[in-house]
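Visitor: Please take a close look at a single residue and its surroundings. After that, go on to the sheet and to the contact between the chains.

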Amino acid sequence: MIEANFHLDYSGFSLNVELHLPEKGVTALFGHSGSGKTTLLRCVAGLDRAPKGRLVVAGDIWQDEAQGIFLPTHKRPLGLVFQEASLFPHLSVRKNLEYGMRRSGNKTGEGFDASIALLGIGPLLDRAPDSLSGGERQRVAVARALLTRPRLLLMDEPLAALDLKRKQEILPYLEKLREELDIPVFYVSHAPDEVARLADHLVLLENGQVVASGPLMETLARADLPPAFTDDAGIVLEATVTAHDPDGLTRLEFPGGHLYVSYRDKPLGSRLRCRIHASDVSLALTAHGDSSILNTLPATVQTVVATDTPGHVLAQLALHDGTLLLARITERSRLALGITPGVAVVAQVKSVALLA
Amino acid sequence: MEASSLSAIWLTLKLASLVTVLLLLVGTPIAWWLSRTRSRWKGPVGAVVALPLVLPPTVLGFYLLLLMGPHGPVGKITQALGWGVLPFSFTGLVIASVFYSLPFVVQPIQNAFEAMGERPLEVAASLRASPWDAFFTIALPLARPGFVTAAILGFAHTIGEFGVVLMIGGNIPGKTQVLSVRIYDYVEAMEYGQAHILAGGMVIFSFLVLLALYGSRNRRGWSR
């Protein structure tokens, strides 16, 4: 467990968090701008010092103001990747990589070849940071952080400064990272798709407070989150590719049922994450054969809550195995269909966003 | 060229070189502090450093003369230490010049440190570099254009000074008589030919210095 408690007051902003976070996997710190997610990360990094704070990582105390302990950033075994490319412009890619490696006591260059292969930056080693694209620079920055053999990797919106194409180019590397890395990663983001794709654990922040913290899929399916989070509401599930049909559809199976999506070039048996937006789910009381919507899942209504948008509500549904779905419908339809907790419905899924 | 001209040139170059080295040593910590501090003393200290920009050199020279003279506080200390008094000596000239040219060195370096921002140092810290380590391996190299500008301006400005030199160093050939004062003497004595050699030389020298400065700025993208 990583224990992170921080209380600080700036003029006009205060951060009050008490978190217990898993020691492996990717923890996403998600929130809108001004929610305190970057400040939280900076406190973990030791770049900002919360006057009341305690941070314990893998049993080591990095900060405990009650005991007067505060390790400065350069004494913390962490890796840090910033939003914008932060390579040292006067050093070549290789020298950038070596900078942290040597200072962290990694004299033998342990993991050098592996990190370079993992991030695909072998051909860039002798280039100047200036001559790299934004995506390449971020990959080098990630490798540079990994080469210090950190016990915790911190990433502050590493994709936010990149355009969509570059994002698509770098996301697979981050995914590989998630699979191969055995250290915890804190990933700050305000992009729901990135979080859905990369995170295992989710911390939602609003106005410097933690509004939810839990496993990703469970937390995304919650209907009791503050209205600010209902706009992007949607669940994530992990499914297995079980068939490629000749008419151009791929069949995905998950414990709660199956879904058809357009053909995906993935071998049978491979696992995919997909995201179903609440606004892409509509409800019917009976299964119609005369609808064009292909993906229908029988479910039971759990709760119905108000949203940020006037006239709309959010319904939480449970499939037969307990998998939760969210559906966004109008209050008028809710009344017309009599959608209340316990009612059996058919969820019609208009589209499924595949995240890999 | 007369021997007194040559010795004035030599003295001027010696003075400017020594002053530039001292200014970089003294100016760098001041510039670093000014660029990083949130202290309420930042304003007053910055203003004091910038004073020579607006004060007539004679004012600066006058007070330095009083401070370092036999009855001034600094003069009393130097005498007690057995160093004698500083005015009308080369050392006195060096000290006065350091004050006089300080803003020309501090400000470019301070600007370079400020333009760099906190980020490179935060990154260095995340890569286990101690603050000193980060200062020497990251901050100094990144601020290099500021140092080049500062050194050139400090050197050139020291070469061009007149009022402070006259107030504090007088006009002792071979000891405190620098180029600008030598030219003044030639003009007073109506030796325009000799004055032209030195004055024209100064114009060409100054032009070349500035050309090197601005030319290098355009050529070299220091963002790289």
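**A residue in a strand, a sheet and a contact**

Guide: V304(A) lies in strand β17 of chain A, which covers residues 295-306. The model is a predicted one. Leaving out residues up to four places away in sequence, V304(A) touches V313(A), A315(A), R334(A), I339(A) and T340(A). V304(A) has 19 C-beta neighbours inside 10 Å, and therefore counts as partly exposed; a residue is buried if 20 or more other C-beta atoms lie within 10 Å of its own. G100(A) is 204 residues apart from V304(A) along the chain, and the C-alpha atoms of the two are separated by 51 Å.

Next, the sheet. In chain A, 5 strands form an open sheet with antiparallel pairing, in the order β14-β13-β12-β15-β21. Its edge strands are β14 (257-262) and β21 (353-354) of chain A, each of which pairs on one side only. Within this order, strand β12 (residues 234-245) of chain A runs antiparallel to strand β13 (residues 249-254) of chain A, and 5 bridges join them. One bridge partner pair is D245(A) with L249(A), the latter in β13(A).

Last, the contact between the chains. Chain A gives 20 residues to the contact and chain B gives 15 residues. On the side of chain B that touches chain A, the elements giving two or more residues are α6 (119-126) and α7 (131-142) of chain B. With 6 residues, α6(B) provides the largest share of that side. By class, the side of chain B that touches chain A consists of 8 nonpolar, 4 charged and 3 polar residues.

Terms used:
Residues are numbered from 1 along each chain as its sequence is written. Chains are lettered from A and ligands numbered from 1 in the order in which they are written. This is a predicted model: local features need pLDDT of at least 70, side-chain atom pairs count only at pLDDT 80 or more; totals for chains, interfaces and linings use all residues. Two strands pair if DSSP finds at least two bridges between them. Helices (H or I, at least four residues) and strands (E, at least two) are DSSP runs, numbered from the N terminus. Two residues are in contact if their C-beta atoms, placed from the backbone, lie within 7 Å. Ala, Val, Leu, Ile, Met, Phe, Trp, Tyr, Cys and Pro count as nonpolar, Asp, Glu, Lys and Arg as charged, and the others, Gly among them, as polar. A residue is buried if 20 or more other C-beta atoms lie within 10 Å of its own, exposed if 12 or fewer, and partly exposed in between; C-beta atoms are placed from the backbone.
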